[in-house]
Amino acid sequence: MSKFFLFNQFFKGYGHIYLLGVCMLIAIDILFLWVPKLTGDAINTLYYGKEGLTHYIWLFVLVAVVVTVLKFSSRHLLLGSIRRFEFLLRRRLFDHALYIPTAYYEKNGPGKVMALMTNDVTTLRVSLGLGVMIFVDAIFFGIFSFFLMAKQVSAQLAMTILTPMPFIVVAMLVLSRRMRRKQREAQNTYSDLTEFAQELFLGMPVIRAFNRELTSLHRFIGTNRTNYEKNMKVALLDALLAPVTYVAPFICYAIAIYVCGNLIITNEITVGDFVAINGYLILIIGPIMGIGSLASVLQKGFASLDRLSDFLALPEEVPGDETDELAPAPLQVRHLTFAYPETTAPVLQDVTVDIEEGAFIGIVGGPGSGKSTLFKLLLRLYDTPRGTLYIGNEDITTIPLSVLRRSIAYVPAETFLLGTSIADNITFGEEASRHITLEEAANRSALRRDLWNRIHDNAALREGGADLSGGQKQRINIARGLYKNAPYLLLDDSFSALDTVSAAGIIKTLRSGRRQTLLFISQRLEALREADRILVFKEGRIVEAGTHEELLSRNGEYCRLYAQQLQGATQGNSEGASGETEVNP
Ligand SMILES: Nc1ncnc2c1ncn2[C@@H]1O[C@H](COP(=O)(O)OP(=O)(O)OP(=O)(O)O)[C@@H](O)[C@H]1O
């Protein structure tokens, strides 16, 4: 996406207000440019007697009043429209973040987007506000003061006085180009820092439980140091720019005093002319001194703009706005082979299976055998290969995303809760007629046992459900999946934190109500006893399929996993472990 388009988009409807603010800034500068001439003329009047001095005093009062009004209006319009730009840009970034591929978050983590939405947007706003104000002043005062100075005395004299200026501009350009690169690097390390800090804060209970505070601190110090070192390089360039821009104006001053002093002595210019030249010089010097900070502010803004436009250029998923739902139908997997982006080894290899409409399919397998990946591909959270997954003979890559995802209820292994009420977390803002009632979802996911009052209190949960137990969080997530009442239900190890009673209760109700196709990944093999068929995954392939009894009688991979679990449970029982296990030998 073109960076200019980025600007264009957010200034639409507000650009003219921003431009009006810039025009007012220019009007203020024109008035300021008039002041040295007025001062010079007033001094010349004084030189020849007091006649006409009151006229100048009134003119100064007028300039002061007009400048005050313009200054207030220009800042209000300019800064106000920039605040709107910031508001619109953040909204766009958030909107975009909702639709970019899931792979982005797995590669970068949420910290990168957070840094873009906070640090980069703020830097860009400052460039557009402060940067543009300094820029307008520098251009106007620089160019017009030179011409007015040339008109007041001579072009040659003006050029002599301003000799050092081109050197500053060249030095500034060279340094500021380097600064943009360094600033971009610094902002990237800042993203890493936020990402890292966020990860640590989320894992605080684990860090404490393992006494890893010091290790975490050392790791943080490492990332923080990298960020500090990158910022020090920017600071060095900032520091180099400052003396260059501060020294040159004083040299101009010295030249002016020497040259104009001689011209006054030889009566070639008046004292009033000298005061006017001085006034123009002050007007030029202010913005020239600000050029250092201008270059720094603008280059930081450009670096942020680069990062923001790179992010906005990421392709978005197009979910579509269809509100249909897929009819219940058989599901077919055909020779599905898949590798994650930026990896080469496939995690699913030639997987082929037919799933009947309304079937209860259990999925088991060792860690990393590709079970969850199958779910992610069904939901098209990654680029599902064409011609490998079908629902009712329709290739899922041709089904609009909104329809596909509307038709699948997904309960992931990791719980996800917002800091709102339990009811809001279950309904997730949806109130469509096809959903079952909140009460029914709560009943079927065993929430009535201990969370009924909290559901009715409607009190907000702490962020991420920090005030709930692991099992309670998991049951609320299951309730969300059941509430959706979609024709396809995917449960990804959703019972791992459940107690035996809750798990048994939920399994009993899973098959009640709407006839759904249920795909249930579970490490607890006992939970899949009732499944119509169990698929056994090993190293990305389905190595066995059948009912619980059939698989046990085959004495293969399933039997091995079952025996392993049984042995674990027996050991657990004999060691007096909690009665969490469901295995019932
Ligand atoms: N985003 C990813 N990028 C690269 N590799 C991934 C990604 N997600 C998972 N993998 C790899 O893919 C393989 C299969 O992962 P998957 O989550 O499907 O396994 P699983 O059978 O569900 O495992 P578990 O039972 O432990 O949850 C693993 O080796 C994992 O390391």
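**Entry 1: the annotated segments**

I began with residues 16-35, where the chain is 100% helix and 0% strand and the end C-alpha atoms lie 29 Å apart. I note at the outset that the model is predicted. The UniProt entry, which is unreviewed, annotates this stretch as a "transmembrane region", and the same annotation covers 55-74, 126-149, 155-175, 240-265 and 277-298. I then looked up residues 155-175 and found 86% helix and 0% strand, with 30 Å between the end C-alpha atoms.

**Entry 2: helix 2 against helix 3**

I turned next to helix packing. Two packed helices are described by the angle between their axes and the distance between those axes. For helix 2 (residues 15-47) and helix 3 (residues 53-99) I recorded an angle of about 160° and axes 8 Å apart. Because angles over 145 degrees count as roughly antiparallel, helix 2 is roughly antiparallel to helix 3. The crossing of helix 2 past helix 3 is left-handed.

**Entry 3: helix 7 and its partners**

How do helix 7 and helix 9 cross? The axes of helix 7 (residues 165-202) and helix 9 (residues 213-265) come within 9 Å, and I read the crossing angle as roughly 165°. That angle makes helix 7 roughly antiparallel to helix 9. Helix 7 passes helix 9 in a left-handed sense. The contact of helix 7 with helix 9 holds 20 nonpolar, nine polar and six charged residues.

I then examined helix 5 (residues 110-152), whose axis comes within 8 Å of that of helix 7 and crosses at roughly 125°. Helix 5 and helix 7 are therefore oblique to each other. Here I noted a right-handed crossing of helix 5 past helix 7.

**Entry 4: the ligand shell**

Which residues surround the ligand? I listed Glu 106, Tyr 340, Thr 343, Val 347, Gly 365, Pro 367, Gly 368, Ser 369, Gly 370, Lys 371, Ser 372 and Thr 373. By class, the shell residues divide into three nonpolar, seven polar and two charged.

I traced an open sheet of four strands in the order 2-1-4-5, with antiparallel pairing. Its edge strands are strand 2 (348-355) and strand 5 (394-395), each of which pairs on one side only. Strand 4 (residues 389-391) runs antiparallel to strand 5 and is joined to strand 5 by two bridges. I checked Tyr 390 and found its bridge partner in strand 5 to be Asp 395.

Strand 7 (residues 488-492) and strand 8 (residues 517-521) pair in the parallel sense over five bridges. Leu 491 stands opposite Phe 520 in strand 8. Strand 9 (residues 533-538) and strand 10 run antiparallel and are joined by five bridges. Which residue of strand 10 is the bridge partner of Phe 537? I found that partner to be Ile 542.

Finally, I inspected the hairpin of strand 9 and strand 10, which has two residues between the strands. Within that hairpin, Glu 539 takes a positive phi near 45°.

Methods
Residues numbered from 1 in each chain as written. Predicted model: local features only at pLDDT ≥ 70, side-chain atom pairs only at ≥ 80, totals over all residues. Near = placed C-beta within 6 Å. Nonpolar A, V, L, I, M, F, W, Y, C, P; charged D, E, K, R; others polar. UniProt positions renumbered as here; feature names shortened; annotations may be inferred. Axes fitted to C-alpha atoms, helices over the stretch in contact; angles between N-to-C directions. Parallel < 35°, antiparallel > 145°, perpendicular 65-115°, else oblique. Left-handed = near helix turned anticlockwise from the far one by under 90°. Pairing = 2+ DSSP bridges.
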